[in-house]
Amino acid sequence: MKETFAAAGGLDDEWRGGKRRPRKGQFSAQQMMQPIQVEKAYMTAETITVKDLSERIGKPAAEIIKKLFLLGVMATINQELDFDTAQLVCSEFGVEFELKIEKTYEETMLEVQEKQDDEGDLLPRPPVVTIMGHVDHGKTSLLDKIRLTNVTEGEAGGITQHIGAYTVEIHGQQITFLDTPGHEAFTAMRARGAQVTDIVILVVAADDGIMPQTIEAINHSKAAGVPIIVAINKMDRESANPERVKQELTEYSLVAEDWGGDTICVPVSAVSGQGIEQLLEMILLTSEMKELKANPNRPARGTIVEARLDRGRGPVATVLIQSGTIHVGDTIVAGTAYGRVRAMLNDKGEPVPSAGPSIPVELIGFSDVPEAGDTLNVADDDRLSRQVAEERRDRIKAQQLKAMSKATLEDLFNQIAQGQVKDLNIIVKADVQGSVEAVRQALEKLSNEEVRVKVIHGGVGAINESDIMLAAVSGAIVVGFNVRPEAKAKENAEREKIDLRLYRIIYDAIDEIKAAMLGMLTPKFKETVLGHAQVRQVFRVTGAGTIAGSYITDGLVRRNGQVRLLRDNIVVFEGRLSSLKRFKDDAREVATGYECGIGLENYNDIKENDVIECFVMDEIERPA
C-alpha cells in the first residue's frame with residue numbers, strides 16, 4: 001500500500017499506523033478549515049454591513065447576528081451597522097476595531113479649494129448685487145438705465161423670464177448685477193448653499209409703496225444676512241410719495257438714514273435717470289465697508305446662476321466666479337455635471353480666454369446641464385472630475401432613499417432634549433395683517449432658555465410655493481390662520497416634508513406649540529380632505545335659505561362630512577352641510593364630475609366661484 005501511494009506521488013508524507021499524516025510544518029485539511037484569528041480590523045465608511053464585518057473579522061455572519069440579537073438589535077446579513085455597534089460586536093469577539101474613513105474624490109478635490117488664502121494674496125473684487133422687489137415696480141427698467149441697454153423689450157410682457165448677470169463700470173470700478181425673476185430664485189440658490197449676493201437692491205415704487213412681494217423680498221434678504229439698499233423708483237410720477245415708503249419700511253425694521261436709521265434709501269427714476277449715479281455710489285460705498293476680497297491666483301470656484309440646453313451648443317451655463325480664475329481648457333465639475341471649458345463668453349456676448357472673481361461668464365463644455373445654485377469647481381484632471389460627479393450621483397440616490405427629517409411639532413420635544421433645536425423657525429400666513437402681528441408677538445414670547453421661537457416671515461393670503469420654499473431652506477414650520485394652502489404649495493409641502501399647521505383660533509396655535517415644546521401634545525386629529533366643489537350659481541329658496549348650485553371638481557362631497565367655504569383660498573365659513581341634493585332628491589354623497597345643490601348650516605353669504613371643501617377629522621394617537 002505504501003509503495004502504491006509512493007507511486008501516486010505521496011512520498012513526502014509520513015505513514016503512521018497505516019494512515020497518511022502530514023509532516024511537521026504542514027496544515028491538515030481540518031486545520032485549514034478553521035477560521036483565521038483576527039486581532040485588529042477597521043472600517044472605511046460611516047457604516048458597514050453584517051456581511052462585510054463578517055469578512056473583516058473572520059467570524060461567521062450567523063454568530064454576528066446572534067451577538068446583535070443579544071444586544072437588542074434585530075439584524076439581517078445586509079443590515080448596515082454604525083461604528084459604535086460594530087465596535088461593540090467586535091469587542092465581544094476580542095477584536096480591536098477602528099474607524100479609518102478613506103478620503104472621497106470630492107474631499108481630495110476640495111482639499112485644494114478650501115486651502116486658506118494668505119492675506120497678501122487677497123485682492124479687492126467687484127460687489128455682486130441682486131435686484132429684488134414687487135412685480136412691475138421697475139427692477140429691469142432700472143437695470144436698463146444703469147446698463148444703457150434695453151433688456152425689457154425682449155421679455156414677454158415686460159416681465160423678466162430668466163436670470164441674467166451683467167457687469168457695469170462706474171468711476172473705474174466694476175459692479176456685477178444679478179437680475180432675477182424674484183426672491184424664489186434667490187432662495188432656491190440659497191437652498192443649495194449658494195451665497196452669491198453681497199448687496200440686495202430693494203426696488204419699491206414711490207407711488208405704490210410696500211407690496212406682498214416686497215415684504216417677501218425683505219424677509220428672504222434678512223434670512224440670508226445680506227445688506228439692503230432701498231431704491232425708491234418712479235420718482236418722475238406726480239403721485240410719488242417717498243416719505244410714505246420710508247414710513248412703511250419702518251414696519252419691517254428698515255429705518256432710513258435720514259430718519260436716524262442705517263438703511264440707505266435712494267430716490268430714483270428709471271425713466272429720467274434721477275438718482276442712478278447716487279445709487280451706484282452707495283453700492284460702491286457699501287462694498288468698501290464690507291471689504292470684499294478674493295484670491296484670483298488659484299483654481300476657480302464659482303456658482304451656476306443659470307443653465308440651459310442649447311440645441312446647437314449643448315449645455316450652456318451662466319457662471320459667477322467667486323474665487324480664483326477660470327480659463328478655457330480647464331477641467332470643471334458642478335453638481336453631477338462635469339467636462340472641460342470649450343468656450344467662454346462675457347455678458348456682452350464676446351469670447352474671453354479667462355474670468356476672475358465676481359465676473360459672470362457664459363460657459364460651454366459641460367457633459368450635462370448643471371442646476372442653478374450648484375457650485376462649480378476646477379479639478380486637476382478629467383478623471384477626478386468624472387469620479388466626483390459619479391460620487392455625488394450615488395450620494396443623491398442614497399439621500400432620496402433616506403427621507404430627509406424636517407422640523408415637526410411631534411418630534412420637537414425630542415429634538416430639543418437632544419440639543420438639536422436652538423431656533424424654532426415659523427412662517428405665519430393669515431387672512432388679515434392684524435392676525436399676523438398678533439401671532440408673531442404671541443409666538444415669539446414662547447422663547448425659553450433651550451429654544452428661541454423666531455417668526456421669519458409673516459404675510460396675508462393663501463400659503464403659496466414661496467412660503468414652502470422658504471420653510472424648506474430654513475427648516476421652518478408653516479402656521480396658517482383662516483387660510484388654506486394653494487394646491488401646488490400643498491404638494492411641495494408633502495414632498496419636502498414641511499409641517500403645515502392650519503388653525504381657526506390663534507390660542508390653539510399658541511397652546512399647541514407651547515405643549516410641543518414641553519413634550520405634552522394631546523392626541524392629534526388628522527384632517528382628510530374628501531373633495532372640492534365649485535359654486536357655479538346661487539339660488540335663494542324660501543324656507544331653505546341660500547342654495548349653491550355646485551360642480552364637484554375633485555373627490556366627493558359627503559352629507560355627514562364637515563365643510564369649509566373658501567373665497568380666494570381664505571376660509572370664510574366652517575361648519576356642516578344643511579342639505580345635499582341631486583336634482584330634487586336628497587343625496588348621501590356626490591362624486592367628481594356631477595352637479596348638485598349644497599346648503600350650508602346657518603350660513604347664506606355664498607357667492608359664485610366660491611369653493612366648498614369637504615373633509616373629515618380622524619383622531620390619531622401620537623407616538624409615546
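These legends go with close-up views of a predicted model. Local features need pLDDT of at least 70 and side-chain atom pairs count only at pLDDT 80 or more, while totals for chains, interfaces and linings use all residues. Residues are numbered from 1 along each chain as its sequence is written, and side-chain values use heavy atoms, with hydrogens and water left out.

**View 1. Helices α15 and α16 cross at roughly 15 degrees.** Here you have α15 (residues 465-474) and α16 (residues 487-496), whose axes come within 8 Å. Axes are lines fitted to C-alpha atoms over the stretch in contact, and angles run from 0 to 180 degrees between N-to-C directions. Helices are DSSP runs (H or I, at least four residues), and strands are too (E, at least two), numbered from the N terminus. The two helices are therefore roughly parallel to each other (angles under 35 degrees count as that).

**View 2. These residues make the contact between α15 and α16.** From α15 come Glu 465, Ile 468 and Ala 472, and from α16 come Lys 488, Ala 489, Asn 492, Ala 493 and Glu 496. Contact means heavy atoms within 4.5 Å.

**View 3. Phe 573 and Tyr 603 form a stacked aromatic pair.** The structure holds three aromatic pairs (ring centres within 6.5 Å; planes under 30 degrees apart count as stacked). In this one, the rings sit 4.7 Å centre to centre, with 25 degrees between the planes. Phe 573 belongs to strand β30 (residues 570-582), and Tyr 603, 30 residues apart from it, lies in the loop between β33 (595-600) and β34 (611-620). Phe 573 counts as buried at 11% relative accessibility, and Tyr 603 is buried at 17% (buried means under 20% relative accessible area, with a 1.4 Å probe and protein chains only).

Note on methods:
Angles under 35 degrees count as roughly parallel, over 145 as roughly antiparallel, 65 to 115 as roughly perpendicular and the rest as oblique. Rings of Phe, Tyr and Trp (its six-membered ring) pair if their centres lie within 6.5 Å; planes under 30 degrees apart count as stacked, over 60 as edge-to-face and the rest as tilted. Buried means under 20% relative accessible area, exposed over 50%, partly exposed in between (1.4 Å probe, protein chains only).
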